[in-house]
Amino acid sequence: MGLVWRAEMATGIRAVDLQHEELVAMINALAEAVVAQADSAALDALAQRLDAYIVFHFGTEENLMSTLPRGSEHVTLHRQQHREFVAELARLRQSGAFRELLSYLENWIVAHIMKTDRALALQLRQGGR
Ligand SMILES: [Fe+2]
């Protein structure tokens, strides 16, 4: 277990890349706690911190999206992915399924960064064309 930051995950947007690196570190901290069989209060505290950081991070990305043309298909899909992720994360956290939450997080975040966040960076570079 454990995510490793890779150069292919870079979007070229410094604020976003720094936040992604922080997210990877926070996910790995949760993974370590799961492996160490920390009690559920400790796991929930880590998951809660992660949750708050994710909301902040999605806010950063969605502010950048607001510079793209209205009705952009990318923006609609990207925001929808964020909302679904936040909802699923909340569901898993409430049910105390921390192992499942962790694998969902690890898989989702890498796929989302590589595909959707990199597509956002490209759109921003092209001015939404
Ligand atoms: Fe995103």
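## Helix crossing

A crossing is left-handed if the near helix is turned anticlockwise from the far one by less than a right angle, and right-handed if clockwise. The crossing of α1 and α4 is left-handed. This is a predicted model: local features need pLDDT of at least 70, side-chain atom pairs count only at pLDDT 80 or more, and totals for chains, interfaces and linings use all residues. Residues are numbered from 1 along each chain as its sequence is written.

Helix α1 spans residues 14-35 and helix α4 spans residues 98-125. Helices are DSSP runs (H or I, at least four residues), numbered from the N terminus. The two axes come within 10 Å and cross at roughly 160 degrees. So α1 is roughly antiparallel to α4 (angle over 145 degrees). Axes are lines fitted to C-alpha atoms over the stretch in contact, and angles run from 0 to 180 degrees between N-to-C directions.

## Contact residues

From α1, the contact uses V16, H20, L23, I27, L30, A31 and V34. From α4, it uses F98, R99, L102, L105, E106, I109, I113 and D117. Residues are in contact if their C-beta atoms, placed from the backbone, lie within 7 Å.

## Nonpolar core

The largest nonpolar core has 12 residues, including V24, L43, I54 and L101. Such a core is a set of buried Ala, Val, Leu, Ile, Met, Phe, Trp, Tyr and Cys residues joined through C-beta atoms within 7 Å. Buried means 20 or more other C-beta atoms within 10 Å of a residue's own; exposed means 12 or fewer. Helices α1, α2 (40-65) and α4 each supply at least two core residues.

## Loop residue Q37

Q37 lies in the loop between α1 and α2. Q37 is exposed, with 8 other C-beta atoms within 10 Å. Its phi is near 55 degrees, a positive value in a residue other than glycine.

Technical notes
Angles under 35 degrees count as roughly parallel, over 145 as roughly antiparallel, 65 to 115 as roughly perpendicular and the rest as oblique. Two residues are in contact if their C-beta atoms, placed from the backbone, lie within 7 Å.
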